[in-house]
Amino acid sequence: MREKSYRNAIRETLYQEMGRDPDIILIGEDVAGGAQSEGTKNGPKKGGEEDAWGGPMGVTKGLIGEYGKQRVLDAPISEAAFIGAAIGAAAAGLRPVTELMFNDFLGVCCDQIVNQAAKYHYMFGGQDTIPLTIRTTMGAGLRISAQHSQSLHSVFTHFAGLKVALPSTPYEAKGLLTTAIRDNDPVIFCEHKMLYRMREDVPDESYSIPFGEARFVMDGEDVTIVAFSRMVHVATDAAKILAKQGIKCTVIDPRTTSPLDTESIFDSVDETGRLVIVDEGGPRCGIASDISAMVADEVFHALKAPIKCVTPPYALIPAAPNLEDLYVPDAAKVVAAVLGIMDA
Amino acid sequence: MNNNQSQLLWAYRTMQTIRMFEERMHEVFTTGEVPGFVHLYAGQEACAVGVCANLADVDYFHITHRAHGPAIARGADVTAVALEIYCRADGLCRGRGGSAHLHDAAKKIIGANSGVGSGAALACGSALATRHRGDGGIAVALVGEGGANQGVVSEALNLASVWKLPVVFVFENNGYAEATSADYAIAGGNLSARASGFAMPEAIVDGSDYFAVSASFAKAAERARAGGGPSFLEVRNLRMFGHYEGDAQKYRPPGEVADYRENKDCLKLFRAKVTSENWLDAAELDTIDQDVAKLIDAAYETARNAPLPDPEELMHSVFATEC
Ligand SMILES: Cc1ncc(C[n+]2csc(CCOP(=O)(O)OP(=O)(O)O)c2C)c(N)n1
Ligand SMILES: [Mg+2]
């Protein structure tokens with residue numbers, strides 16, 4: 001057990017899983033650190049450093065050195081083709097891990113993910129499986145505006161056939177990525193870009209965290225707060241503030257939106273009678289409103305107050321630091337939401 | 001290519017099976033007993049059969065929405081194909097895919113094809129997998145000339161070339177994408193001119209000539225197997241029916257199909273060639289025609305009378321790993 005960053009926990013998982021299973025290959029832009037040709041008719045091989053980048057987020061650094069060019073493949077900027085290829089390779093017996101640099105680029109490879117990966121197993125009568133992991137980054141905070149900052153986990157969740165994991169800490173990242181890679185369905189693995197530097201103790205040996213089993217981050221009898229990814233930390237901060245005012249919160253991190261551990265959420269709301277959902281995705285047609293609807297359906301009798309969703313507004317993500325901070329939910333907004341339903 | 005007798009008999013039988021299967025589908029579709037859309041392959045048989053004549057068990061064959069012919073060419077069970085088109089429980093895909101999503105994993109007939117063009121990308125993945133295993137396999141992506149205009153196809157051509165994958169891209173130019181003609185939708189009118197931009201060899205092949213397709217494909221396949229990378233084949237043919245059944249085909253010039261049936265029917269041309277060269281005799285071919293007619297009768301009879309999937313199938317295998 002050593003303290004590790006979220007980034008290193010992910011790299012260690014890739015390293016260990018690739019060592020365990022020779023059918024795991026990595027595909028993505030710059031994942032091999034920025035490959036070069038052997039030289040073309042227009043010129044000789046360039047002389048720069050191999051594996052200079054180690055992936056756009058530095059996550060895959062060193063893997064090409066360990067596992068070679070046949071297993072760590074730099075791709076041209078062709079998400080539709082290389083994610084399609086990863087799907088074809090998965091169906092043909094490999095276990096690819098591919099990187100979609102920003103989840104926002106779902107726009108250019110949506111067809112492959114939604115119409116190929118998600119449907120392959122079911123539509124062909126269960127003949128093949130698609131053991132594919134698509135690592136992608138989500139979340140605001142880097143001041144990089146609307147095309148690189150979205151949280152699109154709810155969009156992926158819409159499509160039956162996809163699994164969606166949202167690790168909220170380094171420990172979670174290692175355990176969930178191990179499960180994602182070993183799972184026989186396509187998994188969208190959403191790494192929050194503001195968590196890469198978060199550190200905590202992470203076991204050196206591999207371990208897996210089952211999908212669809214929520215983590216209880218805090219226990220309290222007054223309010224249930226459900227939160228995903230980085231919002232788990234925002235919710236926890238809020239719960240600590242509220243504790244000082246005598247309000248005890250249960251904070252639940254469901255870890256995956258597909259499958260979703262509705263049992264744990266329903267049971268908790270049954271006990272507390274109050275629910276706040278905190279999510280960084282947009283407010284419309286999202287996981288927060290989805291959970292809200294399910295709870296209203298299933299445990300309406302237990303509710304003592306209206307369900308509250310704390311999400312960004314129905315707006316785009318601006319680059320200006322003050323505006324972006326206003327956009328993303330923070331602890332103060334969660335505290336206000338909880339206080340708003342405590343009197344009821 | 002192997003032009004021995006058994007190979008020729010196989011080619012004729014397979015092309016005739018596809019032809020009769022499609023002629024029958026054309027007839028029965030009007031009764032309303034077949035669910036969904038069907039896209040018939042009649043007129044194009046020599047393409048899929050010429051390709052499949054050169055495939056080994058380790059090879060992957062990615063097919064399109066015009067799926068019946070290519071699936072049969074690659075050896076899918078004709079009854080299982082009919083059952084799937086009728087969406088029956090025992091169809092190739094348990095009735096979930098229907099006509100345009102035939103898929104037979106055991107035969108490496110890879111569907112996922114109704115988003116036109118996507119097969120080109122998936123084939124890059126099959127090729128990666130066979131290369132990874134080192135089993136000497138190749139992947140073939142069949143793509144219509146209309147599907148060739150998808151962005152993903154250009155991406156896949158480049159990717160295959162960059163990664164030097166063992167893929168053969170077979171663009172089947174049957175002149176139309178739905179109602180839109182190829183000479184309108186392909187800038188410059190020459191699809192295979194695109195190959196040079198992706199640094200791969202190309203060939204234009206007369207799709208009514210089984211021998212030409214087979215020879216041209218064999219060369220591309222050999223190159224792929226030897227590690228030489230991808231190739232680009234444009235096979236020119238016409239479909240004998242509409243885009244789908246029910247298409248009035250007013251976008252076609254009068255007489256186009258009649259002329260094609262008269263002068264460019266791959267089955268007629270094949271028969272004329274093998275008999276005039278004395279490779280096979282006509283009586284043998286007549287026997288095949290009779291056998292195939294019986295097979296088609298039986299397949300349709302079985303499909304028509306078979307049960308639809310159980311209601312519980314709706315929720316079955318949404319995921320492979322249950323959580
Ligand atoms: C991405 C996509 N766009 C549109 C369609 C609708 N569509 C189905 S078949 C077809 C024509 C395809 O033409 P071509 O690729 O030449 O194949 P052909 O039908 O001639 O065999 C179209 C437009 C589709 N299936 N997928
Ligand atoms: Mg066409």
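The centres of domain 1 and domain 2 of chain A, taken over C-alpha atoms, are 28 Å apart. Domain 1 spans 2-202 and domain 2 spans 215-342 of chain A, with bounds from an automatic or database domain assignment. This is a predicted model, in which local features need pLDDT of at least 70, side-chain atom pairs count only at pLDDT 80 or more, and totals for chains, interfaces and linings use all residues. Residues are numbered from 1 along each chain as its sequence is written, and chains are lettered from A in the order in which they are written.

**Domain contact in chain A**
- Domain 1 of chain A gives 27 residues to the contact and domain 2 of chain A gives 23 residues, where contact requires C-beta atoms, placed from the backbone, within 7 Å.
- On the domain 1 side, helix H5 (153-157), strand S8 (163-165), helix H6 (170-182) and strand S9 (187-192) of chain A each provide two or more residues; helices (H or I, at least four residues) and strands (E, at least two) are DSSP runs, numbered from the N terminus.
- That side of domain 1 of chain A has 13 nonpolar, 11 polar and three charged residues, with Ala, Val, Leu, Ile, Met, Phe, Trp, Tyr, Cys and Pro counted as nonpolar, Asp, Glu, Lys and Arg as charged, and the others, Gly among them, as polar.

**Helix pair in chain B**
- Helix H1 (residues 5-29) and helix H12 (residues 282-305) of chain B pack at about 45°, with axes 9 Å apart.
- The contact includes B:Tyr12 and B:Phe21 of H1(B) and B:Leu285 and B:Tyr300 of H12(B).
- By class, the contact of H1(B) with H12(B) has 11 nonpolar, two polar and three charged residues.

Methods
Contact = placed C-beta atoms within 7 Å. Axes fitted to C-alpha atoms, helices over the stretch in contact; angles between N-to-C directions.
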